[in-house]
Amino acid sequence: MRSDVFRAIFKALGQFLVFFLIVSFVVTCAALLFITVLSNTTGMELTKENIAVAAKLTFINVVFISVIFTAVDAIRKKLTTERSVKHIAEAANKMIEGDFDARVKPMSRLVMDESYNEIIDCFNRMAEELSGVETLRADFISNVSHEMKTPLSVIQNYGRLLQSPGLSEEKRVEYAGYITDASKKLSDMMTNILKLNRLENQQIYPKAEDYDLGEQLCECLLQYEHVWEASEIEIETAIQDDVVICADAELLSLVWNNLLSNAFKFTKKGGLVSLALVADEEYVKVSVSDTGCGMSADVGAHIFEKFYQGDSSRATQGNGLGLALVKRVVDIVGGEISVQSTLGEGSTFTVKIRRR
């Protein structure tokens, strides 16, 4: 901060010195010209006419000097201001036309005001951000289209099979089940997209209230009772009693439901899913562990990105939006989420949030 103040002071002093030298030079030249003209009248009587002639010649010379300075200033502006503005305008027009790779090269400080380089730097950073947003938008559209295509194809194919004459009741029920599952997958994806969009556009605001986090976790876990019973998955819980937090219960339920849903999806028959809650006076930690397929470090680094699924085994069981939704909610409530995973052994997701 102090260096910026000193820099501004030195800049103002430099500008003052330049203007002082220019004005002093012009005034001195005008005075010398006037004196020189008068000195040529040596030996003559200094009359009003002579003084008037000297004044006129001095005025003409001053006009000539002013023309020279005007030309020099025009050249200076051409080299500094106009050229810089032209480069920035050309890059801006390229971005308007859809070229988000357009950048402006920094100019030499010898021929340009340093402030233009600051503008150019801000412009380039803005262009970089817009380029990233455009890439995300294109990827988002591509991924949504791809994810919608699969369930729609299933619905179309089995719908066509249902029209087959002489179809047995057993096959009819089977095909209808496939259509129902594909429709549910499509509906879940649309729901997550809408929720994620509202969260990213800050259309959902946390409504903090006191509630028992342990009770909420147990309620979320019990929703999957039919899943763990059907897959013979063992459940292990270590939930601390009487942990009251002040947070948005509805938003956090999205977090627990998505983490538990993923844990059951990727845990094989006879596996183990664990849910733990520990708390101190300031923070709470919720951990959801499974003995599923796990993931590599490279996959773990991108697992919270939209539509990222990491490998084909995960791609068959989700659309890559759940963890992006979890990450956004955790960010909104001011928490942290991390994952520890070993490929082929399982994963542990840990959420840390403030109690107040």
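Q: Contact means heavy atoms within 4.5 Å; with that in hand, which residues does Q216 touch, leaving out those up to four places away in sequence?
A: Q216 touches Y211, A249, L252, S253 and W256. Bear in mind that this is a predicted model, where local features need pLDDT of at least 70, side-chain atom pairs count only at pLDDT 80 or more, and totals for chains, interfaces and linings use all residues. Residues are numbered from 1 along each chain as its sequence is written, and side-chain values use heavy atoms, with hydrogens and water left out.

Q: Why is Q216 called buried?
A: Buried means under 20% relative accessible area, exposed means over 50%, and partly exposed is in between (1.4 Å probe, protein chains only). Q216 comes in at 9%, so buried it is.

Q: What makes the stretch holding Q216 a helix?
A: Helices are DSSP runs of H or I with at least four residues, strands are runs of E with at least two, and both are numbered from the N terminus. Q216 lies in helix α5, which spans 213-222. The protein has 10 helices and 7 strands.

Q: How do you know which residues belong to a nonpolar core?
A: They have to be buried Ala, Val, Leu, Ile, Met, Phe, Trp, Tyr or Cys, joined through side-chain atoms within 4.5 Å. The largest such set here has 39 residues, and L213, I245, V255 and W256 have the most contacts inside it. Elements that each supply at least two residues include α5, β3 (244-247), β4 (272-279) and β7 (346-354). Helix α7 gives the most, with 10 residues. There's a second, separate core of 9 residues, including M95, A102, F123 and A127. As background, nonpolar side chains in soluble globular proteins tend to be buried together.

Q: Which residues does I245 touch, not counting those up to four places away in sequence?
A: I245 touches E209, D210, Y211, L213, L252, V284, I353 and R355.

Q: What makes D210 and R356 a salt bridge?
A: The rule asks for a side-chain nitrogen of Lys or Arg within 4 Å of a carboxyl oxygen of Asp or Glu. D210 and R356 meet at 2.7 Å, N to O, so the pair passes. D210 sits in strand β1 (residues 209-212) and R356 in the segment after β7, so the bridge ties together parts that are 146 residues apart in sequence. The structure holds 6 salt bridges.

Q: Why do D210 and R356 get their accessibility labels?
A: D210 has 46% relative accessibility, so the label is partly exposed. R356 reaches 62%, so R356 is exposed.

Q: How do you know that R354 and E282 pair up, and where are they?
A: Their side chains meet at 2.6 Å, N to O, in a salt bridge. R354 is in strand β7 and E282 in the loop between β4 and β5, 72 residues apart. Both are partly exposed: R354 has 40% and E282 has 41%.

Q: What about K327 and D331: where do they lie?
A: They both lie in helix α10, 4 residues apart, about one turn of the helix.

Q: Why is D242 called exposed?
A: D242 has 64% relative accessibility, so it goes down as exposed. D242 sits in the loop between β2 and β3 and has a positive phi of about 55° although it is not a glycine.

Q: What makes V53, L57, F59, I60, V63 and V67 a patch?
A: Patch members need over 30% relative accessible area and no salt bridge; like charges are joined within 9 Å, and nonpolar side chains (Val, Leu, Ile, Met, Phe, Trp, Tyr) within 5 Å. L57, for one, has 41%. Together the six share about 550 Å² of accessible area, a quantity from the Shrake-Rupley method with a 1.4 Å probe, where only the protein chains shown count as cover for residues.

Q: How much confidence does the model carry, and where does it stay under 50?
A: pLDDT is the predictor's confidence in each residue, from 0 to 100. The protein averages 79, and 80% of the residues score at least 70. Over residues 311-319 the score stays under 50. Where pLDDT is low, the predicted coordinates should not be read in detail.

Conventions: Contact = heavy atoms within 4.5 Å.
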